[in-house]
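Hi there,

Here is the structure I promised to pass on to you. Have a look around it first, and then read on for my notes.

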Number of protein chains: 2
Amino acid sequence: MARKPADQSVNRSDIIQAAAEVLQRSGYEAATMKDIAAAVNLTAASLYHHFRNKDSLLLAVLEVGLDYIIQQVEPIVHNDQPVERKLRAMTREHIIGLTENTAVGAAMVFEIRALMNVKAPPPGARPAEKAAYTEFIARRDAFFARRDEFEDLFVQVIRAGVDQGVLRPIDIDIFAKTLLGAHNWVGVWYRPDGRLTGEQIADAIADTLLRGVMNQPPAPPPASAHREAQL
Amino acid sequence: MARKPADQSVNRSDIIQAAAEVLQRSGYEAATMKDIAAAVNLTAASLYHHFRNKDSLLLAVLEVGLDYIIQQVEPIVHNDQPVERKLRAMTREHIIGLTENTAVGAAMVFEIRALMNVKAPPPGARPAEKAAYTEFIARRDAFFARRDEFEDLFVQVIRAGVDQGVLRPIDIDIFAKTLLGAHNWVGVWYRPDGRLTGEQIADAIADTLLRGVMNQPPAPPPASAHREAQL
DNA sequence: TTTATAATCTAATCATCGTTAGATTCTTTT
DNA sequence: AAAAGAATCTAACGATGATTAGATTATAAA
């Protein structure tokens, strides 16, 4: 019965990646379904075979991005390295994640607000439309909850550092947001053909921010350590 | 001949502020001329008496924001205080500027990209339309140039600090972007009814970032110094 | 080979929105 | 008061774009 998808037909992931790229150029509202479809050699109508509507496609892009970043960062929180090592590794994974896929990275920064703009269907709308909306709201709220959880990972590690006396008695929320701002901003200006790799950028940022909050000046970064060596 | 504007009629500034507020909620593409007009009790058509078109209104919002921030930050660069005092004061003025008018502050972060999306008029368009477009492009490019100059103010001060040996031999561009990212991000999450004032947030961020880049640990911030005392 | 269904297309619908035309009202100057 | 121009309005135009209906094609399972 169930047919295995053919190799040459596009799948959800193809569309999500293409959508992210169009979003990066145009922003959500300016990006048309036709633009996105053209990026995978389809017509706009064909996209509706894969996604309920435009909002749902946007959400899918953001979910993929958040899932990936959480998957990279979360394990670091639960290992038993010292706080400074954890923070450095988290900065690395976050920034590398944003720079490896700049389209999705930019969407994570710029398009989240578009999630707030979706309008409820009018009272006279078809039941299917209302159902789609309800489901969307639930998925969106779950997304925001996960986003908050992600940001809280940094808060947890920073708090542990302050409690242990490794970090100065800083305002934890403000530092977490300073950190996240510095990270996210990389997603705004980074270009793959730039002077530095994502890894180098991450190390430079981590150096400065760690030094800014540690009681003892941090150990110099493991100069040419390979990425996995940090985990 | 020339009539003095009546007191109860709306002026450019009113519309620009209202537009910024609508933009903050909806983003540029989702914001309609009707929405903006309603915020100043006008019809959409009336806006065209004050602005050539929607693009031009967006640009006006961004120009106002950039002008204000530059006006606050630029003088600091040219006084003769030590680098650390300058950087702290620049952070203060930048963040206070973003938090005093959150609508314009958010526009400066989120809507600049919309400037890239304006489409050229078709070859068959009216001359007036083509002229408006040409003028828009020129103004837009001037805006970007000024924006770059603004960011360069930070680079200049940081470079001076490194040259003087006050700051560690950091990567100047990366640190400037780290700083700007931390600043701009405040414009994303700050709420006027939050726990801290813009000034307090600025001080906390400046503490951490300065400590992160100074060779000697920075002097503790002038605890309860009033804002103007920094200049 | 037949069949079910996945994937895609063409063509149309429906709503929204930027923009313009032209009339009207309001305020200042003469 | 009359004139001039500024500010605003109503009504419409034209374009765009999300979405749907229904037909068509391709592919894997039977």
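**What I found**

Let's begin with chain A: of its 231 residues, 49% are buried. Please keep in mind as you read that this is a predicted model.

**Chain A as a whole**

Chain A has nine helices and zero strands. Reading from the N terminus, its elements follow the order α-α-α-α-α-α-α-α-α. The C-alpha trace of chain A spans about 60 × 40 × 40 Å along its principal axes. Among the contacts in chain A with a separation of 6 or more, 72% are between residues 24 or more positions apart.

**Where the two chains meet**

Five salt bridges are counted between chain B and chain A. In one salt bridge, the side chain of Arg195(B) meets that of Asp171(A), at 2.9 Å from N to O. Ten residue pairs are in polar contact across the interface of chain B and chain A, with both residues at pLDDT 80 or more.

The charged end of Arg113(A) sits over the ring of Phe110(B), 4.6 Å from the ring's centre. Lys177(A) lies over the face of Trp189(B), and here the distance to the ring centre is 5.0 Å.

**Helix 6 of chain B**

Helix 6 of chain B is largely enclosed by the rest of the structure, because nine of its nine residues are buried. These buried residues are Thr102(B), Ala103(B), Val104(B), Gly105(B), Ala106(B), Ala107(B), Met108(B), Val109(B) and Phe110(B). What do they pack against? In chain A, they pack against helix 6 (102-110) and helix 8 (172-189). In chain B, their partners are helix 1, helix 4, helix 5 (83-100) and helix 8.

**Aromatic pairs**

A search of the whole structure finds five aromatic pairs over all chains. One of them joins Phe143(A) and Phe144(A): the ring centres are 5.9 Å apart and the planes are at 65°, so the pair is edge-to-face. Phe143(A) and Phe144(A) are both buried.

Another edge-to-face pair is formed by Phe150(B) and Phe154(B), at 5.6 Å centre to centre and with 85° between the planes. Both residues lie in helix 7 (residues 127-164) of chain B, four residues apart, or about one turn of the helix. An α-helix has 3.6 residues a turn, so residues three or four places apart point the same way. Phe150(B) and Phe154(B) are both buried as well.

Is Met33(B) buried or exposed? Met33(B) has 10% relative accessibility, so it counts as buried. You will find Met33(B) in helix 2 (residues 33-39) of chain B. Leaving out residues up to four places away in sequence, Met33(B) touches Ala44(B), Leu47(B), Tyr48(B), Asn53(B) and Lys54(B). Lys54(B) is 21 residues from Met33(B) along the chain, and their C-alpha atoms are separated by 7.1 Å.

Apart from its neighbours within four places in sequence, Arg52(B) is in contact with Ala132(B) and Glu135(B). With Glu135(B), the side chain of Arg52(B) makes a polar contact, side chain to side chain, at 2.8 Å. Arg52(B) and Thr99(B) are 47 residues apart in sequence, and their C-alpha atoms are 29 Å apart in space.

Enjoy exploring!

Best wishes

Definitions and conventions:
Residues are numbered from 1 along each chain as its sequence is written. Chains are lettered from A and ligands numbered from 1 in the order in which they are written. This is a predicted model: local features need pLDDT of at least 70, side-chain atom pairs count only at pLDDT 80 or more; totals for chains, interfaces and linings use all residues. Side-chain values use heavy atoms; hydrogens and water are left out. Rings of Phe, Tyr and Trp (its six-membered ring) pair if their centres lie within 6.5 Å; planes under 30 degrees apart count as stacked, over 60 as edge-to-face and the rest as tilted. Buried means under 20% relative accessible area, exposed over 50%, partly exposed in between (1.4 Å probe, protein chains only). Helices (H or I, at least four residues) and strands (E, at least two) are DSSP runs, numbered from the N terminus. A charge sits over a ring if NZ of Lys or CZ of Arg is within 6 Å of the ring centre and within 35 degrees of the ring normal. A salt bridge is a side-chain nitrogen of Lys or Arg within 4 Å of a carboxyl oxygen of Asp or Glu. A polar contact is a pair of N or O atoms within 3.5 Å; within protein, one must be able to donate a hydrogen and the other to accept it, and residues adjacent in sequence count only if both atoms are side-chain atoms. Contact means heavy atoms within 4.5 Å.
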